[in-house]
Amino acid sequence: MFNLLWGAAFAVVNFALFLACYRLFGRGGLYAWVGVATVLANIQVVKTIELAGLVMTLGNTIYATIFLATDLLNEKHGEKAAKKAVYVGFFALIASTVMMQMALVFEPTDTDVAQDSLETIFGLLPRLALGSLTAYFVSQWVDVKIFTLLKKAFPKPGQLWIRNNGSTALSQLLDTFIFCSIAFLGAPGFPFDVWVQVALTTYLIKLVVSVASTPIIYWARGMRTADDEYAS
């Protein structure tokens, strides 16, 4: 029960910080958020928790806000702006991976207390790193494309929930399948039935968070941001 209540509070804080970043820094804030959220999601995913009887990894909540950011950029500034955010997140993920892998190679002193912890967090197997990078880039690119198509099919302001949830539901399904397949399918300790359970629970929590974020994107769309203040 504690994890469930804390998880709800955790989601509220994630959404509040997302809105604050957009309100204070406008479009640039969304690019910054995507870069930060991409790195944090891949740090949090190392930790596993039990939520509502299901074992899952952390990182899904903040990862869902990345899709929220690209959808908001597509809604207000167009497909080109959304694609730029995808590239920002991809670069942030590659840069942090490369720099931390290099940092781990340094020989620590006898009194060092950080090396083991850093290896636990950042010492990802190449397979996991490849799965994360591939899943992120493909799913985000597909999300932007699907949102653009849905924007043409359902262009009314009140139909934003269709554009947001439709693009996110499909792209996150692809994201989950790619990551879990590359990272876990056929790996020791991950028979097929376990792989199916991990994939299903991962997608389920992402979908729940994405649906819960629907009011957030409506709120953000009508928000006056730093961009508006500079323009005036």
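How do α2 and α7 lie relative to each other, and what word describes that? I started my notes with this pair, keeping in mind that the model is predicted.

**α2 against α7.** I looked up the axes of α2 and helix α7 (residues 192-212), and they come within 9 Å and cross at roughly 55 degrees. Angles of 65 to 115 degrees would count as roughly perpendicular and those under 35 as roughly parallel, so I put α2 and α7 down as oblique to each other. I noted the crossing of α2 and α7 as right-handed. On the α2 side I found Asn60, Thr61, Tyr63 and Ala64 making the contact, and on the α7 side Thr202, Ile205, Lys206, Val209 and Ser210. Sorted by class, the contact of α2 with α7 has four nonpolar, four polar and one charged residues.

**α2 against α6.** Next I took helix α2 (residues 60-77) with helix α6 (residues 160-184), which pack at an angle of about 135 degrees with their axes 10 Å apart. That makes α2 and α6 oblique to each other too, and their crossing is right-handed. From α2 I listed Tyr63, Ala64, Phe67, Asp71 and Glu75; they meet a set of α6 residues including Leu160, Arg163, Asn164, Ser167 and Ser171. I got four nonpolar, five polar and four charged residues for this contact of α2 with α6.

**The length of α6.** Just past α6 I came to Gly186, which has a positive phi of about 85 degrees.

Key:
Residues are numbered from 1 along each chain as its sequence is written. This is a predicted model: local features need pLDDT of at least 70, side-chain atom pairs count only at pLDDT 80 or more; totals for chains, interfaces and linings use all residues. Side-chain values use heavy atoms; hydrogens and water are left out. Axes are lines fitted to C-alpha atoms, for helices over the stretch in contact, and angles run from 0 to 180 degrees between N-to-C directions. Helices (H or I, at least four residues) and strands (E, at least two) are DSSP runs, numbered from the N terminus. Angles under 35 degrees count as roughly parallel, over 145 as roughly antiparallel, 65 to 115 as roughly perpendicular and the rest as oblique. A crossing is left-handed if the near helix is turned anticlockwise from the far one by less than a right angle, and right-handed if clockwise. Contact means heavy atoms within 4.5 Å. Ala, Val, Leu, Ile, Met, Phe, Trp, Tyr, Cys and Pro count as nonpolar, Asp, Glu, Lys and Arg as charged, and the others, Gly among them, as polar.
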